[in-house]
Amino acid sequence: MSDRAAAWLAWSLWALTVLLVVLTVVFSFLYPLPENRTEGAAGAIISLLAIGSFSTVGATISSRRPENPIGWIFCTMGLAFVLAVFLGNYGEYGLVVSPGSLPGATTAAWTGNWIWPVVLSPVGFLLLLFPSGYPPSRRWRPVLWLLGAALVGWFVSQAFMPGPMVNAGYESIPNPYGIEALGGVFKPLGAASGILLLVGVLASAISLVVRFRHSRGDERRQLKWLAYAAVVVVLAAAVSLTVEGVAPDSEEAIAA
């Protein structure tokens, strides 16, 4: 791929992500979720705006260094996250809040049944490949294959497993694309894929520590910045979960 084509593709993905962010925000006002989900919707909007930085960083890196997969990983994470939030809101409104009011709501919910690991699994690739775009050594290449195989296994099992779409939060709505004949295969495949994803991410985190111990100069400084960013993300998530845990639900507050 030429540099010009890579830059066009990178910024096109960025533009698509920004468009989806705008659509998600507009959708949340035109088709609001139930009152007890208002705080969650506000948090999702803030997250959408924050995840836009992933796409911006990814587009900048990919347009200048298209051979380095780090930029493309950032682009993928940003786009997939926004798509997951938009389709999740769309499916919930069309199936729960106002059933039958939106076309394709079941398919939107179906996407939400398998997309979140697709959003989060690139973290493993990022930890393994940052910042050079290659594993620390050839011994770590099997981790790439492990992450890829686990991701494919999760998608296949959750996208076509028969029964209710519990991953998306729908206990009574069946998977419209479930394959009954393969139900006995998809269940253990999904469990194994989930475990392998966790193992792959853990191995990737260990590889980052190994890389840092042998790093020098610019690479070491880049790894430190990644560590600082990870600490900020973890602290923000911890604060958010703490606030949600101690704050009373809206219904309980009204009853009080």
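In which helix is Thr17 found? Thr17 belongs to helix H1, residues 3-30. The model is predicted: local features need pLDDT of at least 70, side-chain atom pairs count only at pLDDT 80 or more, and totals for chains, interfaces and linings use all residues. Residues are numbered from 1 along each chain as its sequence is written, and side-chain values use heavy atoms, with hydrogens and water left out.

Close-up 1. Helices are DSSP runs (H or I, at least four residues), numbered from the N terminus. Thr17 is buried, with a relative accessible area of 1%; buried means under 20% relative accessible area, exposed over 50% and partly exposed in between, with a 1.4 Å probe and protein chains only. Apart from neighbours within four places in sequence, Thr17 is in contact (heavy atoms within 4.5 Å) with Ser55, Gly78, Leu79 and Val82.

**Close-up 2. The aromatic pair of Phe27 and Phe86.** Rings of Phe, Tyr and Trp (its six-membered ring) pair if their centres lie within 6.5 Å; planes under 30 degrees apart count as stacked, over 60 as edge-to-face and the rest as tilted. By this rule the count comes to 11 aromatic pairs. Phe27 and Phe86 form an edge-to-face pair, at 5.8 Å centre to centre with 70° between the planes. Because Phe27 lies in helix H1 and Phe86 in helix H3 (residues 69-97), the pair ties together parts that are 59 residues apart in sequence. Phe27 is buried at a relative accessible area of 7%, and Phe86 also counts as buried, at 15%. One aromatic cluster is formed by Phe27, Tyr31, Phe86, Tyr90 and Tyr93.

**Close-up 3. Packing of H3 and helix H6 (residues 122-129).** The axes are 10 Å apart, at an angle of about 160°; axes are lines fitted to C-alpha atoms over the stretch in contact, and angles run from 0 to 180 degrees between N-to-C directions. H3 is therefore roughly antiparallel to H6 (under 35 degrees counts as roughly parallel, over 145 as roughly antiparallel, 65 to 115 as roughly perpendicular and the rest as oblique). Pro69, Ile70, Ile73, Phe74 and Met77 in H3 meet Pro122, Val123, Phe125, Leu126 and Leu129 in H6. The residues of this contact divide into 10 nonpolar, no polar and no charged; Ala, Val, Leu, Ile, Met, Phe, Trp, Tyr, Cys and Pro count as nonpolar, Asp, Glu, Lys and Arg as charged, and the others, Gly among them, as polar.

**Close-up 4. Packing of helix H7 (residues 141-160) and helix H8 (residues 183-213).** The two axes come within 8 Å and cross at roughly 150°, which makes H7 roughly antiparallel to H8.

Note on methods:
Helices (H or I, at least four residues) and strands (E, at least two) are DSSP runs, numbered from the N terminus.
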